[in-house]
Amino acid sequence: MVYADSHAHLPSVAGELGRPALDTVLAAYAEASLSAGSSAVDASAAAPPAAPILVDIGTEPGDFAARFALLGARSFLRYTLGVWPGREALADPAASLAGLAASLAEAGGRAAAVGEC
């Protein structure tokens with residue numbers, strides 16, 4: 001079984017609590033990822049425990065580059081790209097979707113999903 005935090009806003013952690021708090025969160029996931037691969041497996045279990053996944057949610061077209069620069073590529077981290085459905089995005093849906101498409105092209109295979117739409 002894989003456990004996932006399917007909705008994290010990690011840049012907010014850094015912004016509100018500081019980089020040390022973000023580093024603590026990332027270190028805890030890294031440690032859990034390592035221990036999942038090396039922990040003893042219950043013989044009656046169908047499969048060994050899998051490393052946890054942490055999903056960082058995009059809320060604006062074009063925010064991927066800054067999030068990736070802050071968080072980087074990590075085995076447990078996945079990125080979504082999205083458009084927060086607020087007044088600005090809904091005022092011009094075509095522009096919002098075009099921005100999202102450009103973000104998807106920029107992120108390439110580093111985007112795991114589209115969400116926060």
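View 1. β1 and strand β2 (residues 53–56) run parallel and are joined by 3 bridges. Strands pair here if DSSP finds at least two bridges between them. Helices (H or I, at least four residues) and strands (E, at least two) are DSSP runs, numbered from the N terminus. Residues are numbered from 1 along each chain as its sequence is written, and side-chain values use heavy atoms, with hydrogens and water left out. Because the model is predicted, local features need pLDDT of at least 70 and side-chain atom pairs count only at pLDDT 80 or more, while totals for chains, interfaces and linings use all residues.

**View 2. The open sheet has 4 strands.** Their order is β1-β2-β3-β4, with parallel pairing. β1 (4–8) and β4 (111–114) are the edge strands, each pairing on one side only. From one strand to the next, the twist averages 25°. Axes for such angles are lines fitted to C-alpha atoms, for helices over the stretch in contact; angles run from 0 to 180 degrees between N-to-C directions. Strands of a sheet pair through backbone hydrogen bonds, either parallel or antiparallel.

**View 3. β3 pairs with β2 and with β4.** Between β2 and β3 there are 3 bridges, in the parallel sense. Here L54 stands opposite L77 in β3. β3 and β4 are likewise parallel, over 3 bridges. Y79 faces A111 in β4. β3 is mostly covered, with 4 of its 5 residues buried. Buried means under 20% relative accessible area, exposed over 50%, partly exposed in between (1.4 Å probe, protein chains only).

**View 4. T80 sits in strand β3.** T80 counts as buried because its relative accessibility is 5%. Leaving aside neighbours within four places in sequence, T80 is in contact with V55, D56, I57, G58, R67, A113 and G115. Contact means heavy atoms within 4.5 Å.

**View 5. α3 has buried and exposed residues.** F64, R67 and L71 are buried in α3. They lie on the same side of α3 because they cover an arc of only 65° around the axis. That arc is taken from the directions from the helix axis to the C-beta atoms. On the other side of α3, A66 and A69 are exposed. An α-helix has 3.6 residues a turn, so residues three or four places apart point the same way. G72 follows α3, with a positive phi near 70°. β2, α3 and β3 form a right-handed β-α-β unit. Right-handed means that, with the strands pointing away from the viewer, the path from the first strand over the helix to the second runs clockwise.

**View 6. The largest nonpolar core has 17 residues.** Such a core is a set of buried Ala, Val, Leu, Ile, Met, Phe, Trp, Tyr and Cys residues joined through side-chain atoms within 4.5 Å. L10, L22, L26, L54, L71, F76 and L77 have the most contacts inside the core. Two or more residues come from each of α1 (10–17), α2 (19–38), α3 (64–71), β3 (77–81) and α5 (93–107). Not counting residues up to four places away in sequence, L71 touches L10, P11, L22, L26, D56, L77 and Y79.
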